Amino acid sequence: LSKEGVKFDESEEEKKRKEEEKAAFEGLCKLVKDILGDKVEKVQLSDRIVNAPCILVTGEHGWSANMERIMKAQALRDSSTSSYMASKKTMEINAAHSIVKELKKKADEDKSDKTVKDLVWLLFDTSLLTSGFSLEDPSGYAERIHRMIKLGLSIDDTDDTPIAEEETPEDDDAAESKMEEVD
């Protein structure tokens, strides 16, 4: 189910509940779309996912994740065709999932919170992977994962000092003497 437009039979009660959910999550959908910008065409509530917080689906006539991967691997591909045929992704979020519920609470409290933006990008990147697409920025994904791990372990970002190997003049002398021994 990686294409959009799949419909399921539903009763009047289910339709009413979905409309209420849609209204309640409209602000979160708009915020996610604003954060992701042109990475997704639209953000909407899903009625087909159960276990995942969100998925990415492609348009009915766009490339699937597998086709996009195949076309990116082509050696003599024309870049103009890939730009208009690349799938327009729709992010579908699961309103019943605990991550999405908590994200909605955090977003309602403060829309400009860096944690909310990180979580949205993590959800997007993770759903890219689970939907079969490839990451555009793997190092950015890793940085966000590390920040979330630090947050989970209650490690302050200021505690983290970059480990740089600084050579002292003594090390330089030792290296030179080793080089002289080799000569």
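This is a predicted model: local features need pLDDT of at least 70, side-chain atom pairs count only at pLDDT 80 or more; totals for chains, interfaces and linings use all residues.

Colleague: Which residues of the largest nonpolar core touch the most other members?

Modeller: Leu28, Met91 and Ile93 do, in a core of 24 residues. Helix H2, strand E2 (54-58), strand E3, helix H5 and helix H6 each supply at least two residues of this core.

Colleague: And where does the largest share of this core come from?

Modeller: From H2, which gives 6 residues.

Colleague: Which residues are buried in H2, then?

Modeller: H2 spans residues 26-36, and its buried residues are Leu28, Cys29, Leu31, Val32, Ile35 and Leu36. They lie on the same side of H2, because the arc they cover around the axis is only 165°. Glu26 and Lys30, on the other side of H2, are exposed.

Colleague: What do the buried residues of H2 pack against?

Modeller: Their partners are strand E1 (42-45), strand E3 (89-93), helix H5 (98-109) and H6. Just after H2 comes Gly37, with a positive phi of about 60°.

Colleague: Back to Met91. What is Met91 in contact with, leaving aside its neighbours within four places in sequence?

Modeller: The contacts of Met91 include Val32 and Leu36, both of which are among the buried residues of H2. Others among the contacts of Met91 are Val43, Ile55, Leu123 and Phe124.

Colleague: A change of topic: how many aromatic pairs does the structure hold?

Modeller: It holds 1 aromatic pair. The pair is formed by Trp121 and Phe124, in an edge-to-face arrangement with 5.8 Å centre to centre and 90° between the planes. Both residues lie in helix H6 (residues 114-130), 3 residues apart, or about one turn of the helix.

Colleague: Is Phe124 buried or exposed? And what does Trp121 count as?

Modeller: Phe124 has a relative accessible area of 3%, so it is buried. Trp121 has 21% relative accessibility and therefore counts as partly exposed; the cut-off for buried is under 20%.

Colleague: Which ring does the charged end of Lys89 sit over?

Modeller: The charged end of Lys89 sits over the ring of Phe133, 4.7 Å from its centre.

Technical notes:
Residues are numbered from 1 along each chain as its sequence is written. Side-chain values use heavy atoms; hydrogens and water are left out. Rings of Phe, Tyr and Trp (its six-membered ring) pair if their centres lie within 6.5 Å; planes under 30 degrees apart count as stacked, over 60 as edge-to-face and the rest as tilted. Helices (H or I, at least four residues) and strands (E, at least two) are DSSP runs, numbered from the N terminus. Buried means under 20% relative accessible area, exposed over 50%, partly exposed in between (1.4 Å probe, protein chains only). A charge sits over a ring if NZ of Lys or CZ of Arg is within 6 Å of the ring centre and within 35 degrees of the ring normal. The arc is that of the directions from the helix axis to the C-beta atoms. Contact means heavy atoms within 4.5 Å. A nonpolar core is a set of buried Ala, Val, Leu, Ile, Met, Phe, Trp, Tyr and Cys residues joined through side-chain atoms within 4.5 Å.
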